[in-house]
Amino acid sequence: MHRVAGVHERLEQFMAGLVRRNPGEPEFHQAVREVAEGVIPFVMAHPKYEEARILERLTEPDRIITFRVTWQDDAGGIRIARAWRVQFSNAIGPYKGGLRFHPTVTRSVLKFLGFEQILKNSLTGLPMGGAKGGSNFNPRGRSANEVMRFCHGMMRELHRHIGEDTDVPAGDIGVGGREIGFLFGQYMRLANRFTGVLTGKGLAFGGSLVRTEATGYGAVYFLQNMLATRGDEIAGKTAVVSGSGNVALYAIEKLNELGATVVTASDSDGFVHDPHGIDAERLAWLKELKEVRRGRVREYAKHFGCDYHEKQRPWRVPCRLAVPCATENELDADDAETLLDNGLLAVAEGANMPSTLGAVHAFRGRKILFGPAKAANAGGVAVSGLEQSQNALRISWSREEVDRQLQAIMRDIHEKCREEGTDADGFIDYVRGANIAGFRKVADAMLAYGVV
Ligand code: NDP
């Protein structure tokens, strides 16, 4: 009933409606367009999804909770922040997705992240729906006590909306183990329940081994799987990584272990170029700088005597492997062309939507190995799912066991992308493969429920 002659017209008609219904939300539009480009031809070829209007339903969140967080700074001043929880889809399991604390957080950013999360969680094969939340609270420069008061204030409202079978948040930018501890402590007091309501918890209170490392390690495992399709491997290659947070640090660690030389790291102020390589010893120093002292990467450059590039991104540094791990839209079409001209072989997106649509088109156009975020960085949420399982069973698996399961899940995601995304000439279009594989499972569940 909603079919028109061509894929292109159908895509543009769908996007025009989405943009009209969601004004002023460019990140959400971008994330949906990337998915729709691959899914619309698929939906048109399978009228059951088209007739049930699955894509239209899936791009409308189940609900968005918006609330005020009032907290007190160390000087006694009253501070007000805005917070959200976007519960996007629980078609295949309880809502699941991280919380982000960053001044750039808006409803649009959280809708893009929540939408991506639906398909990513589906790809893991675990029973998890899609959600995302966060606040425009800026943790930078705040004391630990201020962060604690903010987290406690946020949970005063959030606790009403989450639960181990309802919605299970985790970390994201600005929300690491420390913040999850504050959030969990407040949840426990308010609900009077010790339960797996958050993931990324400390090991003393229900956390899983390898959760901290999972996103970065998983992205590198995905890269390994992609290279293997061309009979290639990570060892001996130069890698450029952006970011220096949770995802970046553990991507660097795994790249090192597998024999790559990682020559960059960055934060929102600039990047360091270390031709020697951020080896195990230097990485230990960087981890201490970022995780304990909460310093800036420019201090790394000063300490190890290498170049620091203020307000620049690392994509002009020649490399064979690129692993963007900082934030959305940090790699544009020009950056992609520069990387390609310098001999780039493969990209694994550790961050969510780090490549602009122009960059994605450039990578796919030149047929390099391009692992999009929803496939390449799904290791984090996958191990969150394993944390939920361990909490439900009241047991803890060993590091080896969790890492084994993580590797198996990343292999399985790679296989799903290959099955759904292989072109006639043998090229694997991981973007299309991930979108269709993720979509199909959620769509089938929605069809089974009827009109809800
Ligand atoms: P962290 O807060 O630990 O680290 C974020 C890093 O990115 C920091 O180095 C930060 O620099 C940098 N960064 C943040 N915002 C910007 C910006 N606007 N411009 C340039 N650099 C920026 O977050 P994570 O490592 O957890 O998350 C990184 C990315 O990975 C995000 O896209 C997130 O959504 C995604 N992701 C995370 C998962 C997880 O398990 N943590 C799971 C899946 C995806 P600075 O210190 O200056 O702020």
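Let me start with a definition: Ala, Val, Leu, Ile, Met, Phe, Trp, Tyr, Cys and Pro count as nonpolar, Asp, Glu, Lys and Arg as charged, and the others, Gly among them, as polar. Keep that in mind. The model you are looking at is predicted.

First, a pocket. The second largest pocket has a volume of about 350 Å³. Its lining is made of 14 residues. How do the residues of that lining divide by class? Three are nonpolar, eight are polar and three are charged. Nearest the centre of this pocket lie Gly196, Gln388, Gln390, Asn391 and Ala392. Use the definition on those names. Gly counts as polar, and Ala counts as nonpolar.

Rolling a probe the size of a water molecule over the atoms shows where empty space is left. How many cavities of 30 Å³ or more does the structure hold? Two. The largest cavity has about 50 Å³ of space. Around it sit Glu34, Glu116, Glu349, Met353, Pro372, Ala373 and Lys374. That lining has four charged residues, three nonpolar ones and no polar ones.

The second largest cavity holds about 40 Å³. Its lining residues are Gln30, Glu34, Met353, Ser355, Thr356, Leu357 and Val360. Helices α2 (26–45) and α13 (357–365) each supply at least two residues of that lining. By class, we get three nonpolar, three polar and one charged. Look for Glu34 and Met353 on your screen. Both line the largest cavity, and both line the second largest cavity.

Next, aromatic rings. The count of aromatic pairs comes to 20. Take Trp285 and Phe304. Their ring centres are 5.4 Å apart, with 75° between the planes. Is that stacked or edge-to-face? It is edge-to-face, because planes over 60 degrees apart count that way. Where are the two residues? Trp285 lies in helix α10 (residues 280–292), and Phe304 lies in helix α11 (residues 297–304). They are 19 residues apart in sequence, so the pair ties those parts together. Trp285 is buried, at 19% relative accessible area. Phe304, at 21%, counts as partly exposed. Why do the labels differ?

Phe304 has another partner, Tyr300. This pair is tilted: 4.7 Å from centre to centre, with 50° between the planes. Tyr300 and Phe304 are four residues apart in helix α11, which is about one helical turn. Tyr300 is buried, with 1% relative accessibility.

Elsewhere, Trp71, Phe101, Phe137 and Phe150 form one aromatic cluster.

Lys201 lies over the face of Phe184, at 6.0 Å from the ring centre.

The nearest cysteine sulfur belongs to Cys325, and it is 18 Å away. A disulfide needs sulfur atoms within 2.5 Å, so Cys417 is in none. Cys417 is buried, at 0% relative accessible area. Cys151 is buried too, with 0% relative accessibility.

Methods:
Residues are numbered from 1 along each chain as its sequence is written. This is a predicted model: local features need pLDDT of at least 70, side-chain atom pairs count only at pLDDT 80 or more; totals for chains, interfaces and linings use all residues. Side-chain values use heavy atoms; hydrogens and water are left out. Rings of Phe, Tyr and Trp (its six-membered ring) pair if their centres lie within 6.5 Å; planes under 30 degrees apart count as stacked, over 60 as edge-to-face and the rest as tilted. Buried means under 20% relative accessible area, exposed over 50%, partly exposed in between (1.4 Å probe, protein chains only). A charge sits over a ring if NZ of Lys or CZ of Arg is within 6 Å of the ring centre and within 35 degrees of the ring normal. On a 1 Å grid over the protein atoms alone, a cavity is a set of points where a 1.4 Å probe fits but cannot get out, and a pocket is an open set with protein on both sides within 12 Å along at least five of seven lines; lining residues have an atom within 4 Å of a point. Grid points are joined across faces, edges and corners, and a volume is the space filled by probe spheres set on the points.
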